[in-house]
Amino acid sequence: MSQPSPVVAAQERRLVVAVIDAADDGERRVALIPDAVAPLNAAQMQVLVEAGAGAGAWYSDDDYERAGAVIVSSEEIDRRADIVVTVGTLSPARISRLHPGQAVIGMLQPLTSPDVAERFAAGGITSISLDGLPRTVSRAQAMDALTSQANVAGYKAALVAADTFGRFFPLLITAAGTAKPASVLVLGAGVAGLQAMGTARRLGAVVTGYDVRPETQTEIRSVGARNLELESVTSASGEGGYARVLTETEQAAQQQELNRHVPRFDVVITTAQVPGRQPPLLVTAEAVKQMRPGSVVIDMAASALGGNVEGSVADQTLVTDNGVTLIGAGNLPSQVPTAASAAFSHNVSALLRHLVRDGALNIDMTDEIQAGVVITHGGHIVHRAVNELIHHSPTPGGNT
Ligand code: NAD
């Protein structure tokens with residue numbers, strides 16, 4: 001009788017990472033692209049890919065197979081995967097098909113959907129959410145999917161604005177006349193805002209940026225935009241590089257000042273967020289009413305919680321009575337699926353290399369990266385903030 005070859009035996013010890021097809025909810029991104037397969041194979045991981053998983057981002061099953069992955073059915077993933085990787089979160093039906101001991105990596109949003117965390121815990125699934133990554137830890141930068149996807153979203157927001165606007169973005173002098181450049185205001189100069197400014201600038205618009213964190217002024221200038229300075233709020237830096245919540249008085253004064261500035265612009269793109277809070281209202285209905293017909297407003301903060309623009313609705317484009325197109329941005333990264341998937345795949349691969357030791361998932365809640373991203377393990381919610389949200393009480397021995 002022949003003995004199994006050492007190569008086969010070594011492959012059998014590999015951790016099985018499975019990429020699922022997230023297309024059910026219109027998502028076009030895929031969590032790992034073919035280029036990620038060989039490095040993961042080299043790091044003792046076998047990669048399974050659900051048939052058609054990369055199609056929305058223009059990666060074929062053949063591309064994955066050539067790269068060393070194995071194309072399988074969704075049922076085979078449920079049976080064989082040690083770690084399921086996905087872009088967004090999983091539906092309750094999909095979670096119920098997983099088995100105790102399996103792990104899931106994605107942008108699971110446990111702080112906005114804590115019920116998902118409870119389902120993972122009840123099913124004995126280890127859930128790992130990239131949106132909990134501590135962003136100020138420099139060794140975690142390669143895993144920072146919030147940044148990589150915000151960057152894609154900011155780029156796409158500028159393109160959507162240019163596409164919707166009825167005039168040119170650049171100054172054009174032609175025999176048929178002179179077109180003056182579009183004036184663009186971007187509110188919020190974080191990752192998405194700075195990319196929106198840079199992209200609108202590269203398209204030739206005259207761009208102005210604004211943020212409540214004074215340290216952004218240099219960054220705004222570095223992407224070729226002007227600074228809008230408001231007298232009402234001069235500094236509202238909070239913890240970890242984020243803004244703090246404004247007081248009611250500050251917010252009212254900020255809105256009043258912005259009411260005067262907003263109508264001067266052809267295009268306004270809003271990106272302002274405060275972690276874990278309702279997005280601040282920056283552009284009032286009064287300001288929108290004063291804008292010129294043909295103006296465009298894109299609210300990147302539009303969500304079920306509200307947005308930066310009064311009257312915006314996530315995933316909807318509305319035209320106001322005075323002819324302003326008001327776009328509640330939905331899933332913008334999914335609209336640039338190939339670039340967004342490549343960046344996300346880079347983030348997931350870096351996280352996998354951090355978590356996998358000697359062919360096994362090595363959960364260690366004393367590691368500050370893991371304390372941020374590991375939500376459930378061993379049948380419990382182990383993430384402090386998620387636990388507090390659900391039980392209104394601290395986790396014994398939990399982190400973050
Ligand atoms: P975000 O999406 O939470 O917010 C977007 C922007 O909105 C922020 O710049 C914030 O200051 C601004 N904002 C909030 N309230 C506002 C208001 N009332 N008016 C105007 N602007 C308002 O932020 P983000 O883009 O995820 O990140 C913000 C910052 O975090 C980055 O610019 C950076 O400094 C830091 N960061 C650091 C790292 C790192 O160190 N590796 C990684 C990512 C982000």
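**Figure 1. Charged side chains of the predicted protein chain.** The protein chain carries 29 positive and 40 negative side chains, with the centres of the two sets 6 Å apart. Residues are numbered from 1 along each chain as its sequence is written, and side-chain values use heavy atoms, without hydrogens and water.

**Figure 2. Buried face of helix 6.** Helix 6 spans residues 114-122; helices are DSSP runs of H or I with at least four residues, strands are runs of E with at least two, and both are numbered from the N terminus. Val-116, Ala-117, Phe-120 and Ala-121 are buried (under 20% relative accessible area, 1.4 Å probe, protein chains only). Seen down the axis of helix 6, these buried residues fall within an arc of 140°, so they line one face of the helix. The arc is that of the directions from the helix axis to the C-beta atoms.

**Figure 3. Surroundings of helix 6.** The buried residues of helix 6 pack against helix 5 (92-96) and helix 14 (384-391). They also pack against strand 5 (103-106), strand 6 (126-129), strand 18 (374-377) and strand 19 (380-381). Contact means heavy atoms within 4.5 Å. Just after helix 6, Gly-124 has a positive phi of about 70°.

**Figure 4. Burial in the protein chain.** Of its 400 residues, 49% count as buried.

Technical notes
This is a predicted model: local features need pLDDT of at least 70, side-chain atom pairs count only at pLDDT 80 or more; totals for chains, interfaces and linings use all residues. Buried means under 20% relative accessible area, exposed over 50%, partly exposed in between (1.4 Å probe, protein chains only). Lys and Arg count as positive and Asp and Glu as negative; His and the chain ends are not counted. The place of a charge is taken as NZ of Lys, CZ of Arg, CG of Asp or CD of Glu.
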